There are 2 protein chains.
Amino acid sequence: MRTPPGSMRPGGRTARVRAAVLRAAGDALVENGVHGLDLADVASRAQVGKTTVYRRWGSVPGLVADLLDDMAEQSLPRSDTGSLLGDLTANARLVQRTLADPRQGVLFKAVIAAATCDARTAEALNRFYATRIEEWAPCVEAAARRGEVPPDTDPREVIRAVSAPLYYRLLASGDPLDEDIAERAAAAAATAARAGIYASGTG
Amino acid sequence: MRTPPGSMRPGGRTARVRAAVLRAAGDALVENGVHGLDLADVASRAQVGKTTVYRRWGSVPGLVADLLDDMAEQSLPRSDTGSLLGDLTANARLVQRTLADPRQGVLFKAVIAAATCDARTAEALNRFYATRIEEWAPCVEAAARRGEVPPDTDPREVIRAVSAPLYYRLLASGDPLDEDIAERAAAAAATAARAGIYASGTG
């Protein structure tokens, strides 16, 4: 877990309070959705003073934005399996396991719903995905160095293509989210990348 | 526009009331989101008696579900350009234009957010996507008959693959949704389909 420099000592009281409050905020979001989120309730769940929570997070959007920043900080490092398909499959399985997990799936739905009606939450959500995409983009850069994909392949677009079918199922079509779907998403992105679909020459 | 058999005479009073109420519900959703949706406000916007709205739709989830069913009924017919890439590109452009439209994009975000916290809305949302996928699946079946893709290709999965990157941008990453992105989504799905990624042997 990375922490912004100077903002707190990892493992110190501030970090412990933040961890407890964000855990409680996640629990409350999973139980009641963003419209049931209440700072006083979160403080009580986290066994932290209400004043601390109001002073530090200020509002529900402030709290949800910090939860998303924490999720980005805790995002797992990329794989390095030696092949584009191997790396993208590892990424797809990670996303699939997260979204298919009962708690995490509901949490992601709740923060995505929250982002549709609050600009600050939307910015934090976009930051979360930018962080994840940045973490995994080097898999595509490595594939380009190995000659697996054209050198002008857009790495971020390939990483987005891996996650997209999984989010589409979670949020739109409601179709099941199993491991086969994750493997298919990775294989489709790798195949399209090899064919140059994500190279800058092709739009 | 198709209407369920026997439910109303198209152009009759019932159909006019429904059209006015659903238009007003859409306006209210775009302005205030689902948590600002109120049946009395919708009745007043539609210049329809409150009692009519309460009797016919009963609740906010009932109204949002009917709006989604109406969106499915009004879903545009599939293209038939003679090639898989042509058909998928037409589909991708249609989805991209819809999601990039200021009113429609906000409306889709609102109903997707509503579906994350209400089971009846989620069912209606899934029905909407099932209808769209069913409408466009014959493009893939025709491509299989022409020998463009393996005969055991899952048509629905190809159609989902076209929309997924566009919804991922709208709901998750926040990256721009332009025509190039639509063309790339169609090209990626067509390339992966031709390579057999959506054939049942590889799922």
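**Entry 1: the interface of chain A and chain B**

I began with the interface of chain A and chain B, where I find five salt bridges. The model is a predicted one, so I keep in mind that local features need pLDDT of at least 70 and that side-chain atom pairs count only at pLDDT 80 or more.

I then looked up which helices make the side of chain A that touches chain B: helix 6, helix 7 (119-145), helix 8 (155-173) and helix 9 of chain A each supply at least two residues. Helix 8 of chain A gives the largest share of that side, 11 residues. Sorted by class, the side of chain A that touches chain B has 19 nonpolar, eight polar and eight charged residues.

I noted the totals next. Chain A puts 35 residues into the contact, and chain B puts in 35 residues. The area buried between the two chains is about 3,100 Å². Carbon and sulfur atoms give 63% of that area.

**Entry 2: salt bridges between the chains**

I looked up individual pairs. B:Arg169 and A:Glu157 meet through their side chains in a salt bridge, at 2.5 Å from N to O. B:Glu157 forms a salt bridge with A:Arg184, and here the closest N and O atoms are 4.0 Å apart. This second pair crosses between chains, running from helix 8 (residues 155-173) of chain B, which holds B:Glu157, to helix 9 (residues 179-194) of chain A, which holds A:Arg184.

Are B:Glu157 and A:Arg184 buried or exposed? I find both B:Glu157 and A:Arg184 buried.

I also checked what else they join. B:Glu157 and A:Arg184 belong to a network of salt bridges that links them with A:Arg169, A:Asp175 and B:Arg160.

**Entry 3: salt bridges within a chain**

Over all chains, I have 31 salt bridges for the structure. I took one from each chain.

In chain A, A:Arg18 forms a salt bridge with A:Asp70, with the closest N and O atoms 3.8 Å apart. The pair links distant parts of the chain, as A:Arg18 lies in helix 1 of chain A and A:Asp70 in helix 4 of chain A, 52 residues apart. I find A:Arg18 buried, and A:Asp70 is buried too.

In chain B, the side chains of B:Arg93 and B:Glu183 meet in a salt bridge at 2.6 Å, N to O. This pair also links distant parts of its chain: B:Arg93 is in helix 5 (residues 84-100) of chain B and B:Glu183 is in helix 9 (residues 179-194) of chain B, 90 residues apart. B:Arg93 has a relative accessible area of 29%, so I list it as partly exposed. B:Glu183, at 33%, is also partly exposed.

**Entry 4: helix 1 of chain A**

I listed the buried residues of helix 1 of chain A; among them are A:Val17, A:Arg18, A:Val21, A:Leu22 and A:Leu29. The buried residues of this helix pack against helix 2 (39-46), helix 3 (50-57), helix 4 (60-73) and helix 6 (102-116) of chain A. After helix 1 of chain A comes A:Gly33, and I note its positive phi, near 75°.

Key. Residues are numbered from 1 along each chain as its sequence is written. Chains are lettered from A and ligands numbered from 1 in the order in which they are written. Side-chain values use heavy atoms; hydrogens and water are left out. Buried means under 20% relative accessible area, exposed over 50%, partly exposed in between (1.4 Å probe, protein chains only). Helices (H or I, at least four residues) and strands (E, at least two) are DSSP runs, numbered from the N terminus. Contact means heavy atoms within 4.5 Å. Buried area is the accessible area (1.4 Å probe) that two parts lose on being put together, summed over both. Ala, Val, Leu, Ile, Met, Phe, Trp, Tyr, Cys and Pro count as nonpolar, Asp, Glu, Lys and Arg as charged, and the others, Gly among them, as polar.
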